[in-house]
Amino acid sequence: MRFSANFKFFLASAATLAILGVGTSARAQNLEGIQAQSGPRLDFPAGLATDGRAVYVANSRNNTLEAIDAATRSLRIVAGKLFQEGSNDGVGDSARFNSPDGMTMSGQDLYLCDTNNSDIRKISVSGTVTTVAGTANISGTEDGTGPAAHFNLPTQIATDGTSLYVADSGNNTIRRVTLADMKVKTIGGQAGTAGKTEGGPDKSLFSSPRGVAVDKKAIYVADTGNDVIRMIDISTLQTSTLAGTGEEGDKDGPALQAQFNDPGALCTDGTMLYVLDADNHSIRKIDLNAKTVTKLTLVNGHIGSGCALTSDGKQLYFSDTTENAVEVVDTTSGNFTTLFPPGQ
């Protein structure tokens, strides 16, 4: 089984700050000095979500949740305190995160994978942060309601308005969290066992899945360790392969003949599924009706940590961790510009 160096690094223990590779007080002080000199900045931007007015960013190395105003391109902190890791619930800068990653929006509420805390957090429109599933610093595989459930390095999250769907990367599983009662259920993969097997929840296998997206028919999964895109039927919970041969490569064409290399974050409008194909430095587009794969655009930097679509599906925001930027791409032309930092 093959992993990129970046992904191997990500899956290291929380004690080594896997997703970050930094975290000492000396490093934080240095970054704080840079922040003071150059103004607000992103440091390893990860998960994204948008309500059309703002693009919300999990500013992972800074352990904050931030918002970029789509019109002015200004950056503000919504929750968390710069360079301060932790697991506290609270309002605004009294809350703490530990390498926050994937994010999704349901109504006016944001839901976030707090990766190194191995839990799921909710951020209300007032900036109030609560832990809604899992228990901070206690990783595990258990299903259950709220704190009775446990996760292991959850990375990406999506919602259909009724449930949250979580790529629980460290467990090789896909979890469903029902919004009405925060009940967690494993719907794909077997905790602790990596593989590539189709079938129902008691049989299917995944390998370090990262990306997840959902529409009315299916949950789509970037099965990163297998270099394929899988789908779980919402009504039957049967897992099948949507695209990719399982062989590392860079090939467009019929979905089951296409090849990917370290696919990460996913976004869908129900017609097209967008794949941030990290080690191919490209955004790929899967036509869900025609079952074909094409390239939308090539990107110089490293992508795969986050993406979000506008409600009309015409623009896709994505995180570029090489440039510490959030970019926006036209989903028709493939042309992209930098949303933040402005002027880059």
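A residue counts as buried when its relative accessible area is under 20%. Keep that cut-off in mind as you explore this predicted model.

**The whole chain**

Start with everything displayed. The protein has two helices and 27 strands, and 58% of its 344 residues count as buried. Its accessible surface is about 13,100 Å², with 48% of that belonging to carbon and sulfur atoms.

**Stop 1: the disulfide**

Select Cys267 and Cys307, which are joined by a disulfide with an S to S distance of 2.3 Å. Cys267 sits in strand β20 (residues 263–268) and Cys307 in strand β24 (residues 307–309), so the link ties together parts that are 40 residues apart in sequence. Turn the view to look at the S-S bond: the angle about it is 135°, and the link is right-handed. Are these two cysteines buried or exposed? Cys307 has 9% relative accessibility, so it counts as buried. Cys267, at 6%, is buried too. The disulfide count comes to one.

**Stop 2: Leu110 and its neighbours**

Now select Leu110, in strand β7 (residues 109–114). Leu110 is buried, because its relative accessibility is 3%. Show the residues around Leu110: leaving aside those up to four places away in sequence, it touches several, including Ala49, Tyr56, Leu65 and Ile123. Next, pick Val129, which is 19 residues from Leu110 along the chain; their C-alpha atoms are 9.4 Å apart. While you are in strand β7 (residues 109–114), click on Cys113, a buried residue with a relative accessible area of 0%.

**Stop 3: salt bridges**

The structure holds 15 salt bridges.

- Asp51 and Arg53: their closest N and O atoms are 3.7 Å apart. Asp51 is partly exposed at 30%, while Arg53 is exposed at 61%.
- Asp168 and Arg175: here the closest N and O atoms are 2.8 Å apart. Asp168 is buried, with a relative accessible area of 0%, and Arg175 is buried at 0% as well.
- Glu198 and Arg230: their side chains meet at 3.0 Å, N to O. This pair links distant parts of the chain, 32 residues apart, with Glu198 in the loop between β14 (183–188) and β15 (212–214) and Arg230 in strand β17 (residues 228–233). Glu198 is partly exposed at 32%, whereas Arg230 is buried at 0%.

Conventions
Residues numbered from 1 in each chain as written. Predicted model: local features only at pLDDT ≥ 70, side-chain atom pairs only at ≥ 80, totals over all residues. Heavy atoms only, no water. Disulfide = S-S within 2.5 Å. Helix = DSSP H or I, 4+ residues; strand = E, 2+ residues; numbered from the N terminus. Buried < 20%, exposed > 50% of the residue type's maximum accessible area, 1.4 Å probe, protein only. Areas by Shrake-Rupley, 256 points an atom, 1.4 Å probe, with all protein chains shown as cover. Contact = heavy atoms within 4.5 Å. Salt bridge = Lys/Arg side-chain N within 4 Å of Asp/Glu carboxyl O.
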